[in-house]
Amino acid sequence: MSFLFIQLLTGLSSAAVLFLVASGLSLIFGVTRILNFAHGSLYMLGAYLAYTMTQWLGGEGLNFWLSLFLAAVSTGVIGAAIEMLILRRVYHVPELFQLLATFAIVLIAQDVTLHTWGPEDLMGPQAPGLSGSISLLGKPFPSYDLFLIGFALVVLAGLYALLNKTHFGVLVRAATEDREMVANLGTNQKWLFTGVFALGSFLAGLGGALQLPRESVSLTMDISMIIDAFVVVVIGGMGSLRGAALASIIVGVVQAFGILIFPQITLVLLFLIMAIVLVFKPYGLFGSVEDMTVDKTQLSTGALKPPSRHMNYVWLVMGAALLALPLVVNSYGLVLASEMIILALFAASLHFIMGPGGIGVFGHALYFGLGAYAVALMTKYLAVSMPVALLAAPIAAVLGALVFGWFCVRSQGIYLAMLTFAFAQMVWAVAFQWYGVTGGDNGLLGIWPSQWASNKAAFYYFVLALSGASIFILRHMIFSPYGYSLRAVRDQAKRAEAIGLNARVLQWMGLGLAGAFAGLAGGLFVYSKGSVFPTTLDINTTLDAFVMTLIGGLNSLSGPLVGSVVYTWLKSEISRQTELWRLVLGVIILSIVIFFPQGIVGSFNQWLTKRKGEIA
Amino acid sequence: MSDAFSPPLLSVSGLRKSFGGVQAVGGVAFDVRLGQIVALIGANGAGKTTTFNCINGQMPPDGGKVIYNPAALTTEERIRLEREGELSKTDTPLPRDITGRSPRRIARLGIGRTFQITATFASMTVIENVQMVLIAQRKLWKRLWGFAGKLFRDEAMALLETVGLSAQAERHTATLAYGDLKRLELAMALANGPKLLLMDEPTAGMGVEERDSLMRLVHKVAKNQNIGILFTEHDMDAVFNYADWIIVLHRGQIIARGNAETIKAHPQVREVYLGKENP
Amino acid sequence: MRKILLCAAVLLGILAHTAVAADAKKPIKIGYINAHTAVAFMVQSNSQGMQFAIDEINAKGGVLGRPLELVSRDSKGDPGEAVRLAEELRTRDNVDVLINCDFSSASIAVGGWAKQNHVPFVVTGSEPDSILWQNGNDYIARSNPGGYAWVSGSLQKATEVFGDRLKNKRWVSIAPSIEFGHAVVQSAHDQAAARGLNPTWVAEQWPAYDKLSAGPTIATLERANPDIVFAALFGTDVVKFIREARKRDFIKDRIFIFPSLGVPEHFDMLGAEMPKGWVTIGFPYDEIKLKKPALADFMQRYEAAYHESVKTYLVTGYDGIKIFAAAIEKAGSTDPEKIRVAFDDLRFNTPYGEQTLRKIDHQATIPFWVGVSDVVDGKPKISNWTEFNVGDNSPPDDVILKLRSGK
Ligand SMILES: Nc1ncnc2c1ncn2[C@@H]1O[C@H](COP(=O)(O)OP(=O)(O)OP(=O)(O)O)[C@@H](O)[C@H]1O
Ligand SMILES: [Mg+2]
């Protein structure tokens, strides 16, 4: 009994910090509609700043608390600066681009932090007076944890008062509930957004600072926290403070007890909770459809034209160039080209569902990884040959896409994106922690291509043929009756339903089709590496696909192809040149988002059209 | 042609819908027959669009019934619907309760609509918009091969011809004038081969002449193809010249119904509605 | 069409750029794959150790008259990326051999690639033994001690310190759910039984690496009421575990065997909060150097050059370069097959004196130290330490050979 009570309190104390961070994220989303991926970076920054402050001021007595407070305030100021310098420039771009911009900030923050504070973990002081424990029901319980619970309640009450009793709070609530009102605020809108960003960042920084007595400050704090915070915000309902509070408690407590019952799958649990909640409440506990005035057409509005005969001819020339490639480049060139082509297929599949499909999928690694693991498991445990194993890749991915997709298409917008993310993370966690079958972090090794394709040029041709055909099919499907119908749903869901289209079935199919091709890409990827790893399923793979697709441009068919080639190349070249590749890449992505919100190909087209106009 | 003794194609009764305490529609009842043009009028916020939304399944009503009577259909049409599983054989001759069905199933029964805020497929050309409807109507929307752009072009062109948009066929809807968008809406609704057409302010934003020509077209279509039409409109000339039957909504309640003369003479209508616009 | 042209131009430009011409007279290039952006603290000192070794060797005229050159690349800790980098380093940068400091998954993946592509490869920062055993091959060598040796030394030390207090007791384990954790805990199970300690394992926890939820985990372990805690955590998880364990009175009256506790990085971080009396490996360099003049000399040289104290992965990085220098010298060329053969029983110089690469698996049979954690004058310390050697703390040769043959 006392054990359960202590476990409950422990869960609540993790919930406390989670709540601070998540409530900030939720507030920011509610008002600005920006899904701030950099929120985890602000949390990390809060922790580092708190460490530095305690070093300056000393970690004793009041100075300790002053340090924490100053760290949180500084984080708030930094957040406001980020909003004014960067995010103000991206409010007009589609929301997935905004997500991309905040991801670029994460990259930049990682390198800045590394170079400011150095690579080693730092351990701050204990909280003065709260470093011990008190006895509850005969068990010692850390007094600091108890303090955190109380503190979070105070913050919750403070936020309630702020939102309900002040002018600023009224504006925040109005903005969260009524989008049109925000547009009518005029110049006040700017300051409202900055203010909310500062407040949210302050809360993130506070959460980070308060971790100082509990854990060492490290460079990986950002990503682990942002994922947890997203989960909490999505479970609670985006923009809802109550939701963030309740969801933090659910997550904290369930995890505390989960460790007791399933010590092996601690990671899966978090995403399982999220998936279950979203299946029953597609908009989170306190969210509603009205919160989700996602203008899906914004994502991609461009008209797509089927390739003209002329263009097909150019494709042929290009194909010939690719066929001749092995005569020109060395084996690394072939390896890189194979990888680019595989990733181009991966990106094209994401483009299919995000562009014409209009569905912001944020877990595309799921299908890639399912395909990859299908190949690896078939090879390891059934010892089948490469062609058979490769056949299993799209099949496994389609099955996954259909099962998970069935739940996904019940949601919309950000929730749908987060649901795909939850499923991807769940499967990642299974691959990562189910040691006996998947090989855990090591993955499964020694899966090389069949003899006839083991030569690098042969493998390259194999990849080229399969991916080329797949990309062709994907492109063709965009112009098929199905592709048009999918686009109709994206353009105007109301009308699509009114003419008899079944939006859910169309989108469900879309996920299945995109999944199939992503799975094939994953299968090919395994053979190009000789192994499969959980990283094929993780958030970085998702982000890579996402970045490749968006920087290429959603409105054009060649966008994902250009995007994957450019991004893969940029990433490998920059990291050859500098250790600060994350900083450089971040700046490049930011520039693309700010200056070329149509993506590379989209902007290129726009420029061409404009030039033509000038000449004519 | 509108035969008062033939069974109504659509019967709405007791329809209610509230939004968070505000009653948008409060117990509305009326019928629409084949070949009949019914106007639903009322001031802004009277509940017209909400009524439409409840009929075509965009929103589930809080109460009341929407009855669609397949007996008003021809035998061929009934057989098609039976084949497609939209009507079971046993209920063929009986009126069918379609309250709260999904818009897509209601659409398949032959109820089409246009939207007050035009809702076309922005990434497609004018003709592709119509082709899209034809593809949906022929149930080809799951087909993964072939070019959609090549399907039903002639048919789509003929429909554009009907509404006078054939010259704009290859333009993008984003570049169309508002009036043309409204015509496109009509062409799309007609492409679905409706037996009942709901039109939400079909002539809003049009000039007098344009409006008149469109209403003439609607009238022709209704009478020639024997389609029931329910429309909302703020322009009283259009209503009085073309509607066979007029229903006046005020704050979600029907306050008057009848032909043009009855409505023009109705004291309450004059007071709350006409009074304001034609002082 | 213009899109396609753009696409083609970009692709061809890139590929042309990657086609690099080879050049005859050149330094011996060592491709260094590291998880710089994933485990920066480890890689930083590791790469300094390598550079230090290279500077020293080049100052003395290089190897076979050719200077050594390190070409460093960041794998981000992603094994897929590590394999791509291996390929890139080999065929684009024309490196002769590969060395790494990375997550074990990346080491294993590159190891497989090394065999497939016949490139000698030295691992300098991955503890799981499967790199050399289950997944081993003749192209791989390793300069750092493995998990088996850590456990073996730790259990021996624990027996020495606690004697019969280890027998017939309730044990629990906590380790990250990665290869390292699984391998070390498995070793602990096997070796504790083999030593006749007759343990009863009553609970186990497998937190995700870097994501330990310390409070609930410790409460759950405590509920099993263990006498002995076997732990193998790393990095931030260590701090969380120790702070929480102390507050929850989990430490009192229990024996802790925590091999990974004593790496210098943890020492620096924990400071006076280092618990006392836990069995751990350690690097009491200041005391060892009194017995090993070579080490004293090395420390003096290094500290003069970098103004920094010596750390674990620094020495393994330094040793890794020394292994290649000795192997190439012995092979008389940079021919991969010759280097692979030269690995067998290779003798090379380290800060601990001359050491050997074991023939059967190319493990460096270097010394390591196990002692008991302590705090003296507010500074963490390892006391009562004993020197062990990797060579004496390994399974019998036939076991290793069997694992390597994949049976
Ligand atoms: N989705 C909704 N949520 C909340 N209230 C709504 C919603 N749709 C309509 N309403 C409200 O219901 C009432 C009726 O609206 P409706 O759109 O049906 O009016 P209308 O007669 O079509 O007006 P108009 O002539 O301006 O088109 C209005 O008060 C409106 O604000
Ligand atoms: Mg209306």
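1. A salt bridge links A:Arg576 and C:Asp93, with the closest N and O atoms 2.5 Å apart; the term denotes a side-chain nitrogen of Lys or Arg within 4 Å of a carboxyl oxygen of Asp or Glu. A:Arg576 belongs to helix α24 (residues 559-577) of chain A, and C:Asp93 to the loop between α3 (79-91) and β3 (97-101) of chain C, so the pair joins two chains. Helices (H or I, at least four residues) and strands (E, at least two) are DSSP runs, numbered from the N terminus. Over all chains, a search of the whole structure finds 49 salt bridges.

2. This is a predicted model, in which local features need pLDDT of at least 70 and side-chain atom pairs count only at pLDDT 80 or more, while totals for chains, interfaces and linings use all residues. Residues are numbered from 1 along each chain as its sequence is written, chains are lettered from A and ligands numbered from 1 in the order in which they are written, and side-chain values use heavy atoms, with hydrogens and water left out.

3. Of the two pairs of chains that touch, A and C have the most contacts, contact being defined as heavy atoms within 4.5 Å. On this interface, 77 residues of chain C are in contact with 89 residues of chain A. The buried area is about 7500 Å², and carbon and sulfur atoms give 62% of that area. Buried area here is the accessible area (1.4 Å probe) that two parts lose on being put together, summed over both.

4. Seven salt bridges are counted between chain C and chain A. One of them pairs C:Glu87 with A:Lys456, whose closest N and O atoms are 3.0 Å apart. Helix α1 (residues 2-18) of chain C supplies the largest share of the side of chain C that touches chain A, namely 14 residues. That side of chain C comprises 29 nonpolar, 23 polar and 25 charged residues. In this classification, Ala, Val, Leu, Ile, Met, Phe, Trp, Tyr, Cys and Pro are nonpolar, Asp, Glu, Lys and Arg charged, and the others, Gly among them, polar.

5. Between chains B and A, 36 residues of chain B are in contact with 31 residues of chain A. About 2900 Å² is buried between them, 65% of it from carbon and sulfur atoms. The count of salt bridges between chain B and chain A is one: A:Arg495 with B:Glu185, the closest N and O atoms being 2.6 Å apart. Polar contacts between these chains number 14 residue pairs (both at pLDDT 80 or more). On the side of chain B that touches chain A, α3 (103-108), β6 (111-114), α4 (126-137) and α6 (178-191) of chain B each supply at least two residues. The largest share, five residues, comes from α4(B). By class, this side of chain B has 20 nonpolar, nine polar and seven charged residues.

6. Chain B and chain C do not touch, and their nearest C-alpha atoms lie 19 Å apart.

Notes
A polar contact is a pair of N or O atoms within 3.5 Å; within protein, one must be able to donate a hydrogen and the other to accept it, and residues adjacent in sequence count only if both atoms are side-chain atoms.
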